[in-house]
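Biologist: Before the classifications are discussed, please display the sequence and the structure.

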Amino acid sequence: MCLALAVPLGRLEHDMRVRAVKWDRQDRWMRARAADGDRVLPYMPLSVGGMVEPFRQHGRKVWPATCVADYYHLERITYSLRLP
């Protein structure tokens, strides 16, 4: 049983590391832009393990995006397909 989980968990660890590097990059960029006075910024969802934050259905359901905008003190974020 435990062996059956080893491969998926090994991939998940790698995926989490890749996501963390990308998230840190995006976070630094968004904090800097918000500090410079930007009120609307693009945001690329960095999904891992099937999570859909902060946009559902490829940006058609945006309710979690308001939490991200609040976190960065922005009016809103927009859905982006690439990292800034």
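Modeller: This is a predicted model. Val40 lies in strand E1, which covers residues 40–43.

Biologist: Why is Val40 called partly exposed?

Modeller: The relative accessibility of Val40 is 34%. Buried requires under 20% and exposed requires over 50%; Val40 therefore counts as partly exposed.

Biologist: What makes Glu75 a contact of Val40?

Modeller: A contact requires heavy atoms within 4.5 Å. Val40 touches Glu75, Arg76 and Thr78, with residues up to four places away in sequence left out. The C-alpha atoms of Val40 and His73 are 9.7 Å apart, and 33 residues separate the two along the chain.

Biologist: Where is Gln26 placed?

Modeller: Gln26 belongs to helix H1, residues 2–35.

Biologist: How do you know whether Gln26 is buried or exposed?

Modeller: Gln26 has a relative accessibility of 1%. The cut-off for buried is under 20%, so Gln26 counts as buried.

Biologist: Which residues does Gln26 touch, not counting residues up to four places away in sequence?

Modeller: On that basis, Gln26 touches Tyr43, Met44, Leu46, Leu83 and Pro84. Between the C-alpha atoms of Gln26 and Pro45 the separation is 9.9 Å, with the two residues 19 apart along the chain.

Terms used. Residues numbered from 1 in each chain as written. Predicted model: local features only at pLDDT ≥ 70, side-chain atom pairs only at ≥ 80, totals over all residues. Heavy atoms only, no water. Helix = DSSP H or I, 4+ residues; strand = E, 2+ residues; numbered from the N terminus. Buried < 20%, exposed > 50% of the residue type's maximum accessible area, 1.4 Å probe, protein only.
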